[in-house]
Amino acid sequence: MSTKDCLLIGHNEMSFKDYHGILENMSASSGRDHVAFRDLQFNCVEYGGVHHQGQDLLTTLYNEDRQPEDHRVFYNGDCFWTALAYLGTFLHKRGYSFDYINLFQFEKEKLRTLLQNSDYHAVVLTGTMYVFEQNIWEVVRFIRSVRKDVKIIAGGPYISKQAEEREPEYLKPLFKYLDADFYCYGREGEQTLLKLLDTLRSGGPFEAIPNLAFRDGRSFSITPKLFEHTPLSENIIDYELFREDYAKSGWANIRISDGCPYACGFCSFPEHGNERYVTLSLDRIEQELDTIKAAGAITHIFFVDATFNVPKKKFKDLMRLMIRKQYGFKWHCFFRCDQADEEAIGLMKEAGCIGVFLGLESASESVLRNMAKTAHKEDFRRTMPIFKRLGIRQMVSVQVGYPGETYETFIETLDFLEEIRPDFTRIQIWFCDVTTPVWYKRNTFGLHGKGYGWRHFTMDAETAVGLVEDSFMRLENVTWIPDPGFNWVFCYMLEKSGMPIERQKHFLECFAAAAKERLVLPGRKAVNKELVDELRQLAHFDRPTPARGGVTEAFSGRQYRASESFWVDLIPKMEDAPSVAPVGTAQRFLMNASTQPQAIRLPDSLKDLPQEHQETLLEAQLLAAIGKLKVSGGLVALSPDDGIPFPVPGSEVDNAGARIRYVEQKRMMMMRHRLFGFFVLLSRQRMHFWKRPRMQQRTALVSALKSHGHEGVEQRFQQLPYVLDELETAFTLLRTGDEYSLAACYDPSAISANEAKARLSQVIRTVETEFHDHTLDMAG
């Protein structure tokens, strides 16, 4: 059995089922609106009883009706991981031997074979993109199931970040849970790893190795922390070592700088990166690009530097170099608009640039000042038209909730996005990282809490996620990137795989519509069939069948804005905005008891009217009578025989005839906008921003004139569980021949049978009195 120094393991993508479950459990323990779980709802849909991210749904739909040998997996990390290439090169240059696994979730059997057939001094887990410890734990558990005796070393940003944020007494339990033997906890761990591998070879003590935690009996010992840095120029990746792996994807991520010359308040780079900003010389960059070209098969490059085009002169020189050498690469990068001019962007296009990531973050100058951002709106106004004219795609990032954010600054940013219209965006909740510069100013901003549990003088995380939801619903002319699960880099990977960008945009538009449908109608068990059919057609991008289009209009930003405006205008404005503070968990009513139907007596003069007119008059009067009940809460939920229920706000019109005309006029518009009615009016935050009171939904009128009551109240409202949660009494309108009757459905644990009967009698008495007093007025 051969022996090597180490086995390197690249990335492990946790299954989305597990990821969704973790956030759902966090939501359950932290309240139903835990912000991370709410944010996830903008980026997943349910299909076939399974939650899917964008890339997963594309894979599922693409493979439908295809033979197994024709199946493909679309994954946004499907490239050779740079951490492996960099660390492997570092070890190889210093005489260490290694094997490697690129993507754990796809290569478990290869890993099993390597562990069974080779001996290693250690297995090394790199872990560059992890958010949860489960990514590491899953890999460790698998290794232990195959080889219990092998030593396991874990490192990377997740481990170093935990070491910076936790005290040793809280760090050690995490290390014990993860079950590795060693943890390289420094920001850069190459030197620590070398010393550890040497010690594992020789059998010496570990106490002298800095930046290391090692198993010591039933606990862990942690050695002192020392600054460690390996200059990038000393470790140019040896692409020839990994030729076959790069050939599989034709994709390479490269970095040409260390550190960052800026100190944006939300970014951890000043703390985690090199203290000085250093870029490789043009000669070294040329050497690396020449090596990539010579390795063959690599056609696409992602420059991962946060400030790729800084400084400007050197950047332009690099562009001219790439043009002169005619590499032929297609590439994309992070880009700073404030450090660009028309000449630079023109050179980029000629050098092969196909896309840029632009960090707008906010369009509010006050928020940008708090962020210490140097790029401003005018920089975007100046450069965006050039990118568009030259056909360079743009992804613009926005954060919501940074200290100083208000509803007004959020709207300013949203309006600016609509103005500049980038190809893609992802609006995210600001994440409070205690290793970022803003943390040192927390007293200035009244900042408390961290992660997604923060609050400050102008906003809290719950409000911020509500604004992200609002932007998701309202945005019209920009394609929403549902990240995680379909990031902006994946768009270029898919384009390379044969799916045109415009087709991707249409797919993402349909995906967003399906996610919106689930937000508005959370009880709906399946995605709208028309949407699924359109998504399926778009997923089959290698087949000639064209997609139809037009199926997303009901969920467009334009339609949502019109509906929101309609519903809000029905509610009188308050001088002062009501409090947005939560009022506690809503009681869940179970509508499982019902009274006997009671007849409604119509005047003889109304019996001669056409049946349709009778029903309109009766429905209007019932809505008014139910709205007068003290328990109504200001809204009556109307469930017509055809389709989705919608809210009817109480009318201030006293005259019965005028009230009927009011309902008749509004009903058509209510039907047109009913999809978003409850979504708007039952939102405390949304109504708060519009300076309206949050409405209560305690009563309902269920029209069963056609269905004859065969559907229960819970069936009628099953797509709207958040409405059903508040519903206390529902009145069902029935017709037998020419006679009308009304029954009350209620929750016996909330009200008694006598109370239900009393409410029913009060409604019928009010209706009959109105009919008697205003018969001529109503008939007219």
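**Exercise 1. Find which residues of helix α16 are buried in this predicted model, and what they pack against.**

*Step 1.* Go along α16 and pick out the buried positions: K377, D379, F380, T383, M384, I386 and F387.

*Step 2.* Now look at what surrounds them.

**Exercise 2. Describe the course of α16: what is its span, where does it kink, and what follows it?**

*Step 1.* Start with the span. Helix α16 covers residues 377–390, which is 14 residues. From first C-alpha to last it reaches 20 Å, close to the 20 Å expected at 1.5 Å a residue.

*Step 2.* Finally, step past the end of the helix. There you meet G391, with a positive phi near 80°.

**Exercise 3. Decide whether F142 is buried or exposed, and find its contacts.**

*Step 1.* Locate the residue: F142 sits in helix α6, residues 134–146. This helix has 13 residues and reaches 19 Å between its end C-alphas, close to the expected 18 Å.

*Step 2.* Apply the cut-off. Buried means under 20% relative accessible area. F142 has 12% relative accessibility, so F142 counts as buried.

*Step 3.* Check the rest of the helix. Other buried residues of α6 include I136, V139, V140 and I143.

*Step 4.* List the contacts. Leaving aside residues up to four places away in sequence, F142 touches F104, K108, L111 and R112. Take L111 as an example: 31 residues separate L111 from F142 in sequence, while their C-alphas are 9.4 Å apart in space.

**Exercise 4. Put together a picture of the whole protein: what are its dimensions, its burial and its charges?**

*Step 1.* Begin with the architecture. The protein has 32 helices and 25 strands, and its C-alpha trace spans about 100 × 60 × 60 Å along the principal axes.

*Step 2.* Turn to burial and surface. Of the 780 residues, 56% are buried. The protein exposes about 33,200 Å², with carbon and sulfur atoms supplying 50% of that area.

*Step 3.* Consider the contacts with a separation of 6 or more: 76% of them join residues 24 or more positions apart.

*Step 4.* End with the charges. There are 94 positive and 105 negative charges, and their mean positions lie 2 Å apart.

Note on methods: Residues are numbered from 1 along each chain as its sequence is written. This is a predicted model: local features need pLDDT of at least 70, side-chain atom pairs count only at pLDDT 80 or more; totals for chains, interfaces and linings use all residues. Side-chain values use heavy atoms; hydrogens and water are left out. Helices (H or I, at least four residues) and strands (E, at least two) are DSSP runs, numbered from the N terminus. The expected span of a helix is 1.5 Å times one less than its number of residues. Buried means under 20% relative accessible area, exposed over 50%, partly exposed in between (1.4 Å probe, protein chains only). Contact means heavy atoms within 4.5 Å. Accessible areas come from the Shrake-Rupley method with a 1.4 Å probe; for residues, only the protein chains shown count as cover. Lys and Arg count as positive and Asp and Glu as negative; His and the chain ends are not counted. The place of a charge is taken as NZ of Lys, CZ of Arg, CG of Asp or CD of Glu.
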